[in-house]
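Hi,

Here is the structure I promised to pass on.

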Amino acid sequence: ALSYSDRADTALREALRKFPPVLELLLEKNEVDTTGRSFRMDWPTVLAHFRQMTEAASSAKPSATEASDIDSLQQRAMATGAGAHAIKIFIQRSHKLWSGDDVLRWLYDASVVVVEESKGKDGNDGVQVPASFHPALTRYMRVDPADYEDAFTTLPADANPLDPALVAPALALDPNRRRLGRR
């Protein structure tokens with residue numbers, strides 16, 4: 001029986017293999033310096049490998065049976081787009097959870113393990129391209145990531161907040177105006 005931390009490590013590595021773009025997007029959203037190297041974390045090397053994994057996943061060739069089936073090719077394209085959509089929502093909603101130093105260290109350690117495990121493999125650099133996709137994933141194609149934002153626009157996009165017609169009544173000061181209190 002695996003401990004909770006071992007299961008968490010395994011799940012994180014599995015997620016990084018299945019969704020390699022998440023790593024770079026999380027680091028970018030949390031404004032982590034990925035250009036420099038330190039004795040503890042070497043993000044440039046790890047991110048270079050994850051970029052290769054992302055490219056390999058997007059250009060992975062379908063199997064012989066899948067290549068002959070137009071529906072499965074369309075399903076793969078739709079699921080890939082839906083996966084990218086789900087990644088955007090995940091990054092937007094949970095990036096703050098991944099900003100702590102200890103969590104970034106855990107993310108880095110898991111990323112290094114993924115890189116080391118995939119170096120020995122040939123073909124698509126250890127990228128897992130599933131043969132079939134869960135039907136729930138295709139539902140994310142119809143979801144707008146803006147629906148999951150915390151900030152909402154209150155003025156219409158075409159309204160000018162500095163328009164004199166909107167600002168003038170608020171700034172009009174009439175000293176002879178009656179008070180708005182009760183008597």
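Predicted model: local features only at pLDDT ≥ 70, side-chain atom pairs only at ≥ 80, totals over all residues.

Residues are numbered from 1 along each chain as its sequence is written, and side-chain values use heavy atoms, with hydrogens and water left out.

The chain has eight helices and zero strands (DSSP runs numbered from the N terminus: H or I of at least four residues for helices, E of at least two for strands). Buried residues account for 25% of its 183 residues (buried is under 20% relative accessible area, exposed over 50%, partly exposed in between, with a 1.4 Å probe and protein chains only). Take the contacts (heavy atoms within 4.5 Å) between residues at least 6 apart in sequence: 77% of them join residues at least 24 apart.

Now the core. The largest nonpolar core has 21 residues, and Leu-16, Leu-23, Leu-27, Trp-43, Phe-50 and Leu-107 touch the most other members (such a core is a set of buried Ala, Val, Leu, Ile, Met, Phe, Trp, Tyr and Cys residues joined through side-chain atoms within 4.5 Å). H1, H2 (21–29), H3 (43–58), H5 (70–94) and H6 each supply at least two residues of this core, and H6 gives the most, with six. Leaving aside residues up to four places away in sequence, Leu-27 touches Val-32, Thr-34, Trp-43, Leu-47, Leu-104 and Leu-107.

On to a helix pair. The axes of H1 (residues 4–18) and H6 (residues 101–119) come within 9 Å and cross at roughly 60 degrees (axes are lines fitted to C-alpha atoms, for helices over the stretch in contact, and angles run from 0 to 180 degrees between N-to-C directions). The H1 residues Ala-8, Asp-9, Leu-12, Arg-13, Leu-16 and Arg-17 meet Trp-106, Leu-107, Ala-110, Ser-111, Val-113, Val-114 and Glu-117 in H6.

Most residues other than glycine have a negative phi. Glu-31, in the loop between H2 and H3, is not a glycine, yet has a positive phi of about 55 degrees. Glu-31 is also exposed, at a relative accessible area of 73%.

Cheers
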